[in-house]
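Dear colleague,

Please read the notes alongside the coordinates.

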Amino acid sequence: MNAFTGAFWRSGDPGFADAATARVFNRRLPSRRPAAVLRAADVADVAEGVRLAAAEGWRVAVRSGGHSWAAWSLREDTLLIDLALFTGMSYDPTDATVTVGPAVRGGLDLDPYLAGHGRFFPVGHSPSVGMGGFLLQGGIGWNCRGWGWAAESLVSMEVVTAAGEVVRCSETENADLFWAARGSGPGFFGVVTAFRLRTRPRFRELTRSAYVFPSELAAEVLSWYHVARHDLPASVELAAVGCTPPGSDAPVLTVDAVSFDGGPASLAALDSCPVVARASARTVAEPVDFAELQAEQLRGNPENHRYAADNAFLSGSASELVPALVPAFTELPTPRTFTVLGDFTPLVARRPPDMAVSLQTDLYFAAYAIGTTPADDVLSRAWLDRTMSRLEPHSAGCYLGDSDLAVRADRIMSDAAWSTFRRIRAARDPEGRFPGYLGDPAQ
């Protein structure tokens, strides 16, 4: 018997099947299954689990929030360490940091907790995303455009290494692990059991503008968007969104902007769209609650659905990009499918710090095909393949959080970062205890 405080199942045990897929958000489940599951109760359980995996000849897979589209935590011949019980949160007013467990949900748990202290952290847009996977993949959170990657605000971590040791990692302690954790995502060769994060003062006001255009105007709107995005200050989160409104069968293109403490003046550039008078609906510089924004995200990312996602960091002129983008916003495979074109101009201009997450251009495209049946899976995959094929000539790589490398290989780091990552991984996990990426990072 193993001396675990938490629950442990081997394949074939009663409850194993449910434990293996518990909290996997995407109902498009792969056939992969682990050899055993440990629902760890504490750090000692995690360390003992890593040592047990070595003794059994298993590799180690990790589940934090279970929100990855590719279900990274489901791997063959592994011990799946499920961190569902790691939901602690502790705020330190002396330095305005918060320590969180990897299963803490950014929008549903951390944000209301920090609001009680008058603080904010740029959590993931979908409120149910766990902090573990979000931070390890770099973290495209609220206003990443202006505030940067969420991983930039990571102060330190508690990590169980491939050797089963519990260590602290920061810029000055185990700095190699700290560098690798910020952006390597499911390829990280350790189990992070706690994150200490630098928070920011909570915003005083949110102001929103949104313009809804019929799909036949997509080319004109996207061409304008390509230029107008540069006129918005870094306090504004900006996106062009393709979706099908409830009760309709016709996709629309929405230009949506939220200003954090910038007020109406920060959104004035959006009025310059040459076809603004033909918008079917407008919200112009109106106050909005963060809770309302999160509720919209929950509706847009429903549970118990089947997801296929992909993305690309794009570069190029409007004349090059817009023809490739228009079908992605106007020809959606299912009623719930949506696409996003975000602007990262201020982020790229200031150059983020050296860390594993190292690919970014000033435009980010992501597509989320959402269905309810296996037949929808076929439609979604074919549509994603066509969409990404059109964009590939303009792509610099992808963001791990919205990718499935087992379906489409792509770059996930700069060449220099990938070389550094491989060197650290070879030194820290020479036996390959952690299985790395599903599919080919195509570096």
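In this predicted model, β1, β2, β4 and β3, in that order, form an open sheet of 4 strands with mixed pairing; strands (E, at least two residues) and helices (H or I, at least four) are DSSP runs numbered from the N terminus, and two strands pair if DSSP finds at least two bridges between them. At the edges stand β1 (7–10) and β3 (59–63), each of which pairs on one side only. From one strand to the next the twist averages 15°, where axes are lines fitted to C-alpha atoms, for helices over the stretch in contact, and angles run from 0 to 180 degrees between N-to-C directions. Within this sheet, β2 (residues 36–39) and β4 (residues 78–82) pair in the parallel sense over 4 bridges, and Leu38 has Ile81 in β4 as its bridge partner. Helix α2 (residues 43–56) lies across β1, β2, β3 and β4 and runs at about 175° to β4.

As to the conventions, residues are numbered from 1 along each chain as its sequence is written, and side-chain values use heavy atoms, with hydrogens and water left out. Local features need pLDDT of at least 70 and side-chain atom pairs count only at pLDDT 80 or more, whereas totals for chains, interfaces and linings use all residues.

Another open sheet has 8 strands in the order β15-β12-β14-β13-β17-β18-β16-β19, with antiparallel pairing. Its edges are β15 (281–287) and β19 (395–397), each with a single partner strand, so one side of each is left without a neighbour in the sheet. Neighbouring strands here are turned by 20° against each other on average, direction ignored. Strands β12 (residues 206–214) and β14 (residues 252–260) pair in the antiparallel sense over 9 bridges, and Val212 stands opposite Thr254 in β14.

Two helices pack on this sheet. Helix α8 (residues 290–300) touches β12, β14, β17 (338–343) and β18 (363–371), and its direction makes about 40° with that of β12; contact means heavy atoms within 4.5 Å. Helix α11 (residues 374–391) touches β16 (306–314), β17, β18 and β19, at about 5° to the direction of β16.

Finally, His125 lies in the loop between β7 (119–120) and α4 (131–136). Leaving aside neighbours within four places in sequence, His125 is in contact with Ile140, Gly141, Trp142, Glu237 and Gln297. With the side chain of Glu237, the His125 side chain makes a polar contact at 2.8 Å (a pair of N or O atoms within 3.5 Å; within protein, one must be able to donate a hydrogen and the other to accept it, and residues adjacent in sequence count only if both atoms are side-chain atoms).

Best regards
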